Amino acid sequence: MSILFTPYKIGNREIKNRFVKSATYESMATPDGMVTDKLIAMYTLLAKGDVGLIIPGFMNVHPDGKAMPFQTGIFDDTMIPGLRRLTGAVHGHGAKIFFQLAHAGMQTSKEVLGRTPMGPSSSRRDPVYLFKPARMTQDDIMTAIRAFSDAAQRAAQAGADGIQIHAAHGYLISQFLSPFLNDRDDAWGGTDENRFRLLKEVLTAVRRVLPADMPVIVKINVNDFAPKDGVTPELAKKYCGWLAALKVDGIETSCSLPVYSFMNMVRGDVPVRELTRAFPLWKRPFAWVMTKRLEGKYNLEEGYNLEGAKVIKSATGSTPLIAVGGMRSLRFMEQHLLDGTMDFVAMARPFIREPLLVKRFREGTAEAVSCVSCNQCFAAMMHKLPLRCYNKNL
Ligand SMILES: Cc1cc2nc3c(=O)[nH]c(=O)nc-3n(C[C@H](O)[C@H](O)[C@H](O)COP(=O)(O)O)c2cc1C
C-alpha cells in the first residue's frame, strides 16, 4: 500500500491517511458569521471523498479580526451549535476536522470591519485600501490573545478534533512575526524573540483552556516574500524550532504576505480581468497595470514551499510537518513522504475542483489532480462569490 494511505498521528489523533484539506475561505457563512447548510454540504462531500483531515477556511476569533464578508466566525457562543453541526457532518464519514483560528489584524478593510483595522504598526499604509492601520496597544494585544483562547474553547465545545493557529499569510500573528510589518520596539517587536512573543502567548493561552489531549498546530510562512526584511526560510527555521520546543503538535508550511506578494501564496495563472473587476471603477486602471505585470512570473512549480519546509525540518525534528502549495501528482507526493520532507500532503485548490480526489487516487482512477491553478477560485473570493471551481473549461 502506498504511504499516502497509511495513518499517521497528530498529537494523539490518528489521521486515517496523509491527505489534508488546507484551509480555504468559503464565502459561505451568513454576514454575521454563522454556519450555513451550504458550508456543511461542502464539507460532507469532502469527508465522503476520504480526506483524512479537513481544515475549513479561517474562522475569525474576534469581530475586529474579520477579514472577509462571509467568513465563518468563532467569536461568540451562539456560533457553537452551527459549528457542532459541521464537525458532526464530517465525523459521520470518518474524517477528522481541525478549526483554523485567525485574526486579520490590519489585513482587512474598513468596509468589512466598520472601523480602521489594527496591527503591530501604523507606519505602512495599506497598498490596496490605502488606510493607515491603528497601532495596537498592550490592551488590544491582550484582547486578541484572549479572543484566541476563547475561540479555542468554543472549538473544543463544538467537537473539533484540534485547532490550527493561523500564523501565516500576513494576518495578525504573521504581521507580528514579520520584521517587514512589525516595527515595534517594545516587548512585541525589535528582536526575533519579541516578534515571536504573540504566537507564543497565543499558543500558551489556547493550551491552558483546551483539553490536554487536543492537538494544536500552527500554519506559518517559510518565506514572506516581502519587498524587504521579511521572514526568510532561516528566520522561519528559528521560529519553528521554538514552536517545536513548545511542543506544538504539527506545523503547516506556507508562504507570502498577500498584500505585497499575493501571487506567491497561490502561484499559477494571474486572472487579470477578474481581479481588476473586483475593484471600484476609479481603481481599475491601476489594478490592471499591477496585476498585468505579474502575468507569467508565478508559474506553478510542484511543491513550491518544500525548499522552505526542508530548511525548517532540520529544526523541528519529529514534529509532524504538513506541506501545502502546488501538490499535484501522486508520485511527487509519495516521494516526498518517503524521503521524510513532509508527513502530510495538504492541498487547497485541487479539492475545490475535485472533492472526491482522494477516493479517486485510492481507487486508481487518477494519478494527478485536474486543477490547473487558473486561480479563478481565488478571484471569485474578491467578488464575494461562494467557493467552487470557476474554471471555464470544467
Ligand atoms: C480561494 C482560496 C482561499 C484560501 N483561504 C485560505 C484560508 O482561509 N486560510 C489559509 O490558511 N489559507 C487559505 N488559502 C491558501 C491555501 O490554503 C493554500 O495555502 C494555497 O492555495 C496553496 O495550496 P494549493 O496549491 O494546494 O492550492 C486560500 C487559497 C485559495 C485559493
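Me: Which residues in H4 meet which residues in H6?
Reply: This is a predicted model, where local features need pLDDT of at least 70, side-chain atom pairs count only at pLDDT 80 or more, and totals for chains, interfaces and linings use all residues. Residues are numbered from 1 along each chain as its sequence is written. Helices are DSSP runs (H or I, at least four residues) numbered from the N terminus, and contact means C-beta atoms, placed from the backbone, within 7 Å. On the H4 side are Ile141, Ile145, Phe148, Ser149, Ala152 and Gln153, and they meet Leu198, Glu201, Val202, Ala205, Val206, Arg208 and Val209 in H6.

Me: At what angle do the axes of H4 and H6 cross?
Reply: Axes are lines fitted to C-alpha atoms, for helices over the stretch in contact, with angles from 0 to 180 degrees between N-to-C directions. The axes of H4 (residues 138-157) and H6 come within 8 Å, and their crossing angle is roughly 35°.

Me: Is Asp192 buried, partly exposed or exposed?
Reply: Asp192 lies in helix H6 (residues 192-209). Buried requires 20 or more other C-beta atoms, placed from the backbone, within 10 Å of the residue's own, exposed 12 or fewer, and partly exposed a count in between. Asp192 has 14 such neighbours, so it is partly exposed.

Me: Which residues beyond four places in sequence is Asp192 in contact with?
Reply: Lys238 is 46 residues from Asp192 in sequence, but their C-alpha atoms are 8.6 Å apart. Leaving aside neighbours within four places, the contacts of Asp192 are Leu235 and Lys238.

Technical notes
Helices (H or I, at least four residues) and strands (E, at least two) are DSSP runs, numbered from the N terminus. Two residues are in contact if their C-beta atoms, placed from the backbone, lie within 7 Å.
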